[in-house]
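Here is a short briefing for a reader new to this structure. Keep the sequence and the model in view as you go.

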Amino acid sequence: MSRPTVLLAASLDWAGTARLPQAFRDAGFEVTVHAPPGLLVTQSAHADERIGAPESLAEHLAQLQRLMQTRRFDHHVACDEPLLHALAAMREQPWTHPLLPTPPQGSHLDFVVSKLIFPATCARAALPVPETRIHADATELQAAAQALGFPLVAKLARGHGGLA
């Protein structure tokens, strides 16, 4: 009996992503990693196959598209925020659908990828979330910080790992 297959697609070197091959292998999966060479996830002894991806996100996506159109995997994981955002922006292309965590149509995907929509939707559903405020400039942010008090977390609407 063959094992189920999973494609782990990554564009950045995040520690959590590097743990995924072992988690999927322990769960009985055959693991294929699609990521730029040198990332921790590509060095995992638990990956059955490693497909080197270009470092350029645009070239990475083009290669990922070719892979998705020529190979079949039972499960797919877009492992990091920049890749997920790029795939979400291409949601009208059917090859991206297996890599997206929600159906591409409707507002579900926006809920997952937006740092602005997510807390507002949770609050409307009466789910506990820290107080969230949206500000357009540093002066507004400073006033909000004084009003809210510390500790305080400030995030950009887009970006990842402190990068915009």
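Asp 48 is partly exposed, at a relative accessible area of 33%. This residue opens the section on charged pairs. The model is predicted. Its structure holds five salt bridges and one aromatic pair. The disulfide count comes to zero.

**Salt bridge: Arg 3 and Asp 48**

- Asp 48 forms a salt bridge with Arg 3. The closest N and O atoms are 3.3 Å apart.
- Arg 3 sits in the segment before E1, and Asp 48 sits in the loop between strand E2 (30-35) and strand E3 (49-52), so the bridge ties together parts 45 residues apart in sequence.
- Arg 3 counts as partly exposed because its relative accessibility is 34%, between the limits of 20% and 50%.
- Arg 3 and Asp 48 also belong to a network with Arg 25, joined by salt bridges that share partners.

**Salt bridge: Glu 49 and Arg 71**

- The side chains of Glu 49 and Arg 71 meet in a salt bridge, at 2.8 Å from N to O.
- Glu 49 lies in strand E3, while Arg 71 lies in the loop between H2 and strand E4 (75-78). The pair links distant parts of the chain, 22 residues apart.
- Glu 49 is partly exposed, with a relative accessible area of 27%. Arg 71 is partly exposed too, at 33%.

**Salt bridge: Arg 91 and Asp 110**

- Arg 91 and Asp 110 meet through their side chains in a salt bridge, at 2.8 Å from N to O.
- Arg 91 is in the loop between H3 and H4, and Asp 110 is in helix H4.
- Arg 91 counts as partly exposed at 22% relative accessibility. Asp 110 is partly exposed with a relative accessible area of 27%.
- Side chains of opposite charge can pair when their charged atoms come close.

**Nonpolar cores**

- In soluble globular proteins, nonpolar side chains tend to be buried together.
- The largest nonpolar core has 20 residues. Which of them touch the most other members? They are Leu 61, Leu 64, Leu 83, Leu 87, Trp 95 and Leu 99.
- Strand E1 (5-9), helix H2 (57-70), helix H3 (81-89) and helix H4 (108-113) each supply at least two residues of this core.
- H3 gives the most to this core: five residues.
- Leu 61 touches Leu 83, Ala 86, Leu 87, Met 90 and Trp 95, leaving aside residues up to four places away in sequence.
- Another core, of 11 residues, lies apart from the largest one. Its members include Leu 8, Val 33, Ala 35 and Leu 39.

**Aromatic pair**

- A pair of aromatic rings is described by the distance of the centres and the angle of the planes.
- The one aromatic pair is made by Phe 24 and Phe 29. Their ring centres are 5.2 Å apart and their planes stand at 90°, so the pair is edge-to-face.
- Phe 29 is buried, because its relative accessible area is 13%, under the 20% limit.

**Cysteines**

- The structure has zero disulfides.
- Is Cys 79 buried or exposed? Cys 79 counts as buried, at 13% relative accessibility.
- Cys 122 counts as buried as well, at 7% relative accessibility.

Technical notes. Residues are numbered from 1 along each chain as its sequence is written. This is a predicted model: local features need pLDDT of at least 70, side-chain atom pairs count only at pLDDT 80 or more; totals for chains, interfaces and linings use all residues. Side-chain values use heavy atoms; hydrogens and water are left out. A disulfide is a pair of cysteine sulfur atoms within 2.5 Å. Buried means under 20% relative accessible area, exposed over 50%, partly exposed in between (1.4 Å probe, protein chains only). Rings of Phe, Tyr and Trp (its six-membered ring) pair if their centres lie within 6.5 Å; planes under 30 degrees apart count as stacked, over 60 as edge-to-face and the rest as tilted. A nonpolar core is a set of buried Ala, Val, Leu, Ile, Met, Phe, Trp, Tyr and Cys residues joined through side-chain atoms within 4.5 Å. Helices (H or I, at least four residues) and strands (E, at least two) are DSSP runs, numbered from the N terminus. Contact means heavy atoms within 4.5 Å. A salt bridge is a side-chain nitrogen of Lys or Arg within 4 Å of a carboxyl oxygen of Asp or Glu.
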